[in-house]
Amino acid sequence: MPEDVTVLIDQDACTGDGLCVQYAPDVFEFDIDGLAYVKDSSGELKTAEGASVPVPDHLRLDIVDAARDCPGECIYVRNARNGEDVAGPNAED
């Protein structure tokens, strides 16, 4: 896995199941619309479409597991350098 990865959620595909929030509450959070969003290291929720945040090294495996287990297949983990998907719906597992 690349050293630096980012994560984003496609809210159009989010089912609101909450597995991601269980896996990594420091990175994922529900908003008032019942959908999950990413948040940055300061805790600020990123609600803009396509917003991504860097994944802290110590949470990398939790984020990848969340992407793989998400029933909505809406979590995208990408290589921060080249934008290639490393986990999620478009990743080559």
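How many helices and strands does the secondary structure of the protein chain come to? In this predicted model, the count is two helices and seven strands, and, read from the N terminus, these elements follow one another in the order β-α-β-β-β-β-α-β-β. The radius of gyration of the protein chain is 12 Å, close to the 12 Å that the globule rule gives for 93 residues, so the chain is as compact as a globular protein of that length. Taken along the principal axes, the box filled by the C-alpha atoms is roughly 35 × 25 × 20 Å.

From the overall dimensions one can turn to the interior. Buried residues account for 40% of the 93 residues in the protein chain, and among the contacts between residues at least 6 apart in sequence, 51% join residues that are at least 24 apart. The largest nonpolar core has 24 residues, of which Val-7, Ile-9, Val-27, Phe-28, Ile-63, Ile-75 and Val-77 touch the most other members. At least two residues of this core are supplied by each of strand E1 (5-9), strand E3 (36-39), helix H2 (60-69) and strand E6 (75-79), with H2 giving the largest share, four residues.

Once its neighbours within four places in sequence are left aside, Ile-75 is in contact with Val-7, Leu-8 and Ile-9, with Cys-20 and Phe-28, with Ala-66, Ala-67 and Cys-70, and with Ala-87, Gly-88 and Pro-89.

The loop between H2 and E6 contains Glu-73, a residue that has a positive phi of about 45° although it is not a glycine. The side of the model to which Glu-73 belongs is the exposed one, its relative accessible area being 53%, where a value over 50% counts as exposed.

The structure holds one cavity of 30 Å³ or more, and about 60 Å³ of space lies in the largest cavity. Its lining includes the run Cys-14, Thr-15, Gly-16, Asp-17, Gly-18, Leu-19 and Cys-20, together with Phe-30, Ala-36, Cys-70, Pro-71 and Cys-74. By residue type, this lining divides into eight nonpolar residues, three polar ones and one charged.

Definitions and conventions:
Residues numbered from 1 in each chain as written. Predicted model: local features only at pLDDT ≥ 70, side-chain atom pairs only at ≥ 80, totals over all residues. Heavy atoms only, no water. Core = buried A, V, L, I, M, F, W, Y, C linked by side-chain atoms within 4.5 Å. Buried < 20%, exposed > 50% of the residue type's maximum accessible area, 1.4 Å probe, protein only. Contact = heavy atoms within 4.5 Å. 1 Å grid on protein atoms, 1.4 Å probe; cavity = no way out; pocket = protein on both sides within 12 Å on 5 of 7 lines; lining within 4 Å. Points joined across faces, edges and corners; volume = space filled by probe spheres on them. Nonpolar A, V, L, I, M, F, W, Y, C, P; charged D, E, K, R; others polar. Rg over C-alpha atoms; globule rule 2.2 N^0.38 Å.
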